[in-house]
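Hi,

Here is the structure I said I would pass on.

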Amino acid sequence: AFWGEAHACGEEWGQFSASGLAKIPSAPPQVWMYCRLYRKLERFRSPELLDAAKAGGEFLLRYARVAPPGKKCAFVLTRDGRPVKVQRTIFSECFYTMAMNELWRVTGEARYQVCGREAASVGRPRPPGLGPHSVCPPSHLSGPSPKQGGEGGGIFLVGWQGLKAHLASLFLPRQRDGQAVLENVSEDGEELSGCLGRHQNPGHALEAGWFLLRHAIRKGDPELRAHVIDKFLLLPFRSGWDADHGGLFYFQDADGLCPTQLEWAMKLWWPHSEAMIAFLMGYSDSGDPALLHLFCRVADYTFRQGDSRPRAKAGRWETVAVHPGR
């Protein structure tokens, strides 16, 4: 209800910072969610929700792309839609594509499909001095799949299963002999030296885990499914969960050293969302009560922290908690 009211006008979309800037990656998932709820669940089939989604889509069409007809999308905008920051990464384009795909499905308007396909083909520039591969961009490439909701068609029509298999091959070597999921590896999949090579992000590992789990389920590969649950769901959760205060740490060091990032102990909202998706998906497929128990543990922490904040009375959650849960 809060987000529907907040975005009904369509003039401002996205997650605003204290300085009044909006991050583009927060707006397309909201559009995608509204469209998916409207399309899939009868109780959400209200004109107001669809209007909010379309308003968000129009905002994205008007402002997200930095220099139309160029394909690159901004990462941060001002409230009135002027680009402030553009990243080399493709997070904005992936989320933009997801939003356009769902808008096309729910409205039947081909212009959304066309714009989504254009953004999806932007690619990622590779400067000569580019360093290691990160686990995050490949996982987001998995996101805008037409198979995300178990459906065919959509924006991507050719070669998607081959791409899925390729992305899975990128994820699987990042395991340090099965003891850790590393955030960064070299181009040939080898571990890097120093703190960059030891760097871990539990949220990214869990996110990659549920993408891999979906891939294993659709492939009908029980051995891969068991491996993913053990090494990409359970392992990063056990190492990343704060045993004293609850919640997932933002960053970790694979050797147990203090991470170099000053914000390593923060508890952000999105790793907990990824964990809940991963464990619920694993339980839905396997029926393992241990996975349901872990989902409940994360959900209890997440909703307890969100509902206890002062802004919760206004229908808003804080995006960051500082250990021990402040």
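This is a predicted model: local features need pLDDT of at least 70, side-chain atom pairs count only at pLDDT 80 or more; totals for chains, interfaces and linings use all residues.

Let's start with helix 4 (residues 91–107): it has 17 residues and reaches 24 Å from its first C-alpha to its last, close to the 24 Å expected at 1.5 Å a residue. That expected span is 1.5 Å times one less than the number of residues. Helices here are DSSP runs of H or I with at least four residues, strands are E runs of at least two, and both are numbered from the N terminus. Helix 4 is largely enclosed by the rest of the structure, because 14 of its 17 residues are buried (buried is under 20% relative accessible area, exposed is over 50%, partly exposed is in between, with a 1.4 Å probe and protein chains only).

Residues are numbered from 1 along each chain as its sequence is written, and side-chain values use heavy atoms, leaving out hydrogens and water.

Now the charged pairs. There are 15 salt bridges in the structure (a side-chain nitrogen of Lys or Arg within 4 Å of a carboxyl oxygen of Asp or Glu). One of them joins Glu 118 to Arg 65, with the closest N and O atoms 2.9 Å apart. This pair links distant parts of the chain, 53 residues apart: Glu 118 sits in helix 5 (residues 110–120), and Arg 65 in the loop between helix 3 (47–63) and strand 3 (76–77). Arg 65 counts as buried at 10% relative accessibility, whereas Glu 118, at 32%, counts as partly exposed. Glu 109 pairs with Arg 111 at 2.7 Å, and Arg 36, Arg 39 and Glu 102 are linked in a salt-bridge network.

Finally, the inside. The largest nonpolar core has 29 residues, of which Val 228, Leu 233, Phe 237, Phe 279 and Val 298 touch the most other members (such a core is a set of buried Ala, Val, Leu, Ile, Met, Phe, Trp, Tyr and Cys residues joined through side-chain atoms within 4.5 Å). Helix 9 (202–219), helix 10 (222–240), helix 11 (269–286) and helix 12 (289–308) each give two or more residues to this core. Another core, of 24 residues, lies apart from it and includes Ala 53, Ala 64, Cys 73 and Ala 119.

Cheers
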